[in-house]
Amino acid sequence: MSAREADSIEGQRIPPTIPYARQHIDEDDIAAVVSALRGDWLTQGPTVARFEEALAERCSAPYCVAVSSGTAALHLACIAAGVSEGGAGITADITFVASANGVRYAGGDVAFADIDASTGLVRADSMVRAAERLLERERRPQVFIPVDFSGSVADLPAVRAAASRYGASVIEDAAHALGATYESEGQTYSSGSCAHSDFAILSFHPVKHITTLEGGAVLARDEGAYRELLELRSHGVTRDPRRLARYDGPWYYEQRRLGFHYRISDVQCALGLNQLTKLDRLIARRRALAEHYDEALRARGLMAWLDPIRGSRSVHHLYVLSLRSLPGEPLAAIAARRLRLYNQLRERGILTQVHYIPLHRQPDLASSGETEQLFPDATRYYAGCLSIPLFPSMSDSDVVRVVDALSEIVPSLSAPVERPHLRG
Ligand SMILES: *Cc1c(COP(=O)(O)O)cnc(C)c1O
C-alpha cells in the first residue's frame with residue numbers, strides 16, 4: 001500500500017497536485033477582459049498600441065510590435081533581421097524549439113551553441129564556433145539568438161561582439177526574462193531594451209511572467225525595422241501614405257510584400273496591460289519563492305545532491321535543479337536517477353518538467369550535422385536537470401511540501417544500488 005492510499009483510508013485529505021507552472025489571474029484581470037469585451041473593439045482597437053507603448057517603456061526599448069505569439073515574434077524578427085534562403089541563424093542548444101524555428105520559417109538553416117551548465121545560458125564562444133561550422137557548410141550566419149534562460153539575461157554584450165564579426169544581427173529571446181536587468185560596463189540595462197541587440201522577443205504564454213493567453217511581442221531598436229514589422233504582422237499590407245505606390249482614395253491600402261496574419265487582439269492586450277501593472281509584484285513573489293527554496297534545500301542538506309541552476313539577477317521564470325553526479329557516474333545513470341525523481345515526485349502530486357531537450361536531439365533540427373559531441377555541457381545538463389514548481393500563486397507551504405518530498409526521495413536515489421546477496 002502506498003503512503004497516499006494509507007492517507008485516504010485514514011480519511012485524510014490528499015493534497016492537491018502542484019503543477020510546475022501556472023498563470024496568475026486576479027479578479028481585476030477578469031474585469032479588464034470583461035470591460036474590453038463590452039467595448040467597441042475586440043481585435044484591432046487602440047489597446048494594442050497602448051500595450052505596445054507600455055511594453056516598450058517597461059523594457060526601455062525604442063519600439064514594440066505586439067503579435068499573436070512568441071513564435072510569431074521570432075519569425076518576424078528573423079525576417080526583419082534579414083534571414084533568407086541560403087542564410088542561417090544560431091541559437092542555444094538548450095531552449096524551446098521556437099527559438100530555432102523562426103530562422104527556419106524565414107528560410108534559414110540553424111546551428112546550435114553549447115551552454116554554461118551552471119547557469120543554463122548560451123556561451124558566446126560556442127556561438128562563434130557554430131558560425132564557423134555554418135560557413136563550412138556555405139551558409140552565412142545572419143542572426144545570433146541568445147536565450148535568457150530561466151530568467152537571467154544571456155551575456156548580450158559578448159554575443160553582440162561575436163555576431164558583429166560576421167555582420168550578423170542579434171535577436172534576444174527574452175521569453176523567460178520580462179522585467180530582468182543586466183549590467184555592462186557599470187551600467188544597468190533591461191532585458192528587451194535592444195541596448196545590445198537589434199531585436200528582442202517576448203512571449204505571453206500562460207506560464208510566462210505575464211499572459212495574454214497566447215501572445216508575444218518584438219522589441220526593436222530601428223524605426224525602419226519597426227515599420228517593416230508592423231506590415232509583416234498584418235498581411236504585408238500598409239496604409240501609410242509615405243509607403244504607398246499610388247493612392248485611389250481613403251479606403252486604399254497596398255500589399256507591399258507577402259506578410260502574415262500574426263495580429264494580437266484588443267481583448268488580449270487589455271489583459272496584458274493589466275497584468276503588466278503587477279509585473280514587479282509577480283517577480284518579487286517569484287524571487288521570494290526561489291529564496292525560500294534555496295534556504296529549505298540548504299537547511300535539509302540537499303545542496304549536496306542538487307545544484308540549482310541560475311545566472312545573475314534572475315526574475316525566476318523557472319527553478320531548475322541539476323542532479324550532482326556521483327563519483328564516476330555515467331550520464332545514463334544520472335538520467336535514470338532524474339527519471340525516478342520525476343516519477344516519484346509525480347506520485348506525490350508534484351509535477352515537474354525538463355527544460356529543455358537539447359535542440360540537437362530533435363530529428364527535424366539535427367539534420368545539419370549538429371552532433372552530440374559538439375555540446376558536452378548541454379548534454380551533461382540535460383541528463384540531470386529538472387524544473388520544480390514555481391509560480392506566483394504557490395504558497396510557502398507548497399514549497400515546504402516540494403522540499404519535504406525531495407528530501408524523502410533524493411538521498412535514496414543516490415544510495416548505491418543494492419547488490420543481490422550471494423549465498424554462502
Ligand atoms: C515560450 C517561449 C517561446 C515562444 O513562445 P510562444 O508564445 O509559446 O510562441 C520562445 N522561446 C522561449 C525560450 C520560450 O520559453
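Biologist: What lies over the face of Y382?
Modeller: R338 does, at 5.2 Å from the ring centre. A charge sits over a ring if NZ of Lys or CZ of Arg is within 6 Å of the ring centre and within 35 degrees of the ring normal.

Biologist: Before we go on, what kind of model is this?
Modeller: A predicted one: local features need pLDDT of at least 70, side-chain atom pairs count only at pLDDT 80 or more, and totals for chains, interfaces and linings use all residues. Residues are numbered from 1 along each chain as its sequence is written, and side-chain values use heavy atoms, with hydrogens and water left out.

Biologist: What pLDDT does the protein average?
Modeller: The average is 94, and 94% of the residues score at least 70. pLDDT is the predictor's confidence in each residue, from 0 to 100.

Biologist: And where does pLDDT stay under 50?
Modeller: Over residues 1-7. The model has seven contacts for that stretch beyond four places in sequence, a contact being heavy atoms within 4.5 Å.

Biologist: Back to rings. How many aromatic pairs are there?
Modeller: The count is 10 aromatic pairs. The rule takes rings of Phe, Tyr and Trp (its six-membered ring) with centres within 6.5 Å; planes under 30 degrees apart are stacked, over 60 edge-to-face, and the rest tilted.

Biologist: Why is the pair F149 and Y381 called what it is?
Modeller: The ring centres of F149 and Y381 are 6.1 Å apart and the planes stand at 90°, so this pair is edge-to-face.

Biologist: Where do F149 and Y381 sit in the chain?
Modeller: In distant parts, 232 residues apart. F149 is in the loop between β6 (140-145) and α7 (156-164), while Y381 is in helix α12 (residues 376-384). Those labels are DSSP runs numbered from the N terminus: helices are H or I with at least four residues, strands are E with at least two.

Biologist: Are F149 and Y381 buried or exposed?
Modeller: Both are buried. Buried means under 20% relative accessible area, exposed means over 50%, and partly exposed is in between (1.4 Å probe, protein chains only).

Biologist: Which residues do ring pairs link into a cluster?
Modeller: F96, F149, Y356 and Y381. Y356 is in the loop between α11 (331-347) and α12, and a cis peptide bond, with omega about 0°, joins H355 to Y356.

Biologist: OK, and what phi does S60 have?
Modeller: A positive one of about 55°, although S60 is not a glycine. S60 is in the loop between α3 (46-59) and β1 (63-67). H316 also isn't a glycine, and has a positive phi of about 55°. H316 lies in the loop between β14 and β15 and is buried, with a relative accessible area of 6%.

Biologist: Those strands, then. In what order do the three strands form an open sheet?
Modeller: The order is β14-β15-β16, with antiparallel pairing. β14 (306-309) and β16 (385-388) are the edge strands, each pairing on one side only. From one strand to the next the twist averages 35°. Strands count as paired if DSSP finds at least two bridges between them.

Biologist: How many bridges join β15 to β16?
Modeller: Four, with β15 covering residues 319-323. Y319 stands opposite I388 in β16, and S322 stands opposite C385. β14 and β15 pair over four bridges too, with L306 opposite L323.

Biologist: Why is β15 largely enclosed?
Modeller: Five of its five residues are buried, so the rest of the structure largely encloses β15. Y319, L321 and L323 point one way, V320 and S322 the other. In a regular strand the side chains alternate between the two faces of the sheet.

Biologist: What is S322 in contact with?
Modeller: Leaving aside neighbours within four places in sequence, its contacts include W305, D307, R380 and G384. S322 has a relative accessible area of 9%.

Biologist: Which helix lies across β14, β15 and β16?
Modeller: α12, running at about 100° to β15. Axes are lines fitted to C-alpha atoms, for helices over the stretch in contact, and angles run from 0 to 180 degrees between N-to-C directions.

Biologist: Last one: how far apart are R129 and L374?
Modeller: They are 245 residues apart in sequence but 9.5 Å apart in space, C-alpha to C-alpha. R129 is in helix α6 (residues 124-136) and is partly exposed, at 43% relative accessible area.
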